[in-house]
Amino acid sequence: MHPPAWPNASGKHAGIEFYRLLTGCAPAEADISADDDFDRHVLASILAAAVMDGGALAERAGLSEQELNDLLARNFPSATVRAFAWMPRSASESDDETIMVRDLLRAQRSTEGDVGHWLAAMVARRAMEPKHLWEDLGLRERPELSRLLTRHFAPLAARNTRNMRWKRFFYRMLCEDDGFVMCTTPVCTQCNDFDLCFGEENGESRMAERRREYLRGGNDHADAGGRLA
């Protein structure tokens, strides 16, 4: 079975178009005031970011094909999209770091149901990407990541009392839980890596960046109706 033809999937704007396909609106227009709406926004954002990376969507999102299909059916039933065929790797072939972060998150869940279960795997997989975590999750800004973690993984989020960057914080928690000392200095302010752990995480979201590039392209990137996405 071939992958479905997302709108503009081969172009620069696949992420926003896929988010729109799932939710009916662009990411910038999403109303996330209610928790359920926020959860749908987060799930759609992660999937959109995974689409932008190319390759098998389920693998890029950190889910099995069945998990992805269940997520789509329950949270985006009006979207006529399903995961295409992909053979999931066995646990022994999965990335060890991803598994450790996933298990850390699942052990610290503060909500019931499948959403938190899925998000633990999705956040762990996306944490392996090179940018700030909020960017690789496709979120609009870092506070959305903090809300996600506080909502679904509250015990873990509460331990980040100094607002450490989340990727660094995950690994610090893993080391501490295993009895290892991650840091070379006893006080963070004396550490040469301070900016890596606590520096600003500002910037443009991945989908906003793609939108800017898309608009800059002018009429060459207009859709069939002449409308820019």
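1. Start with Glu-112: it is exposed, with a relative accessible area of 78% (buried means under 20%, exposed over 50%, partly exposed in between, using a 1.4 Å probe and protein chains only). You'll find Glu-112 in the loop between α5 (96–107) and α6. Helices here are DSSP runs of H or I with at least four residues, strands are runs of E with at least two, and both are numbered from the N terminus. Glu-112 and His-152 sit 40 residues apart in sequence, with 8.6 Å between their C-alpha atoms.

2. A word on what you're looking at. This is a predicted model, where local features need pLDDT of at least 70 and side-chain atom pairs count only at pLDDT 80 or more, while totals for chains, interfaces and linings use all residues. Residues are numbered from 1 along each chain as its sequence is written, and side-chain values use heavy atoms, with hydrogens and water left out.

3. How confident is the predictor? pLDDT is its confidence in each residue, from 0 to 100. The protein chain has a mean of 78, and 66% of its residues reach 70 or more. Confidence is highest in helix α6 (residues 114–126), at a mean of 98, and lowest in helix α11 (residues 194–198), at 52. Over residues 85–93 the pLDDT is below 50, and this stretch has twelve contacts beyond near neighbours in sequence (a contact means heavy atoms within 4.5 Å).

4. Now for some helix packing. Two packed helices are described by the angle between their axes and the distance between the axes. The axes are lines fitted to C-alpha atoms, for helices over the stretch in contact, and angles run from 0 to 180 degrees between N-to-C directions. Helix α2 (residues 35–53) packs on helix α4 (residues 65–75) at about 135°, with the axes 11 Å apart. That makes α2 oblique to α4 (under 35 degrees is roughly parallel, over 145 roughly antiparallel, 65 to 115 roughly perpendicular, and the rest oblique). On the α2 side, the contact uses Arg-40, Leu-43 and Leu-47; α4 brings Leu-68, Leu-71, Leu-72 and Asn-75. These residues divide into five nonpolar, one polar and one charged (Ala, Val, Leu, Ile, Met, Phe, Trp, Tyr, Cys and Pro count as nonpolar, Asp, Glu, Lys and Arg as charged, and the others, Gly among them, as polar).

5. Helix α2 has another partner, too: the axes of α1 (residues 14–23) and α2 come within 8 Å and cross at roughly 145°. Among the residues in contact are Phe-18 and Leu-22 of α1, plus Ala-44 and Val-51 of α2.

Technical notes:
pLDDT = per-residue confidence, 0-100.
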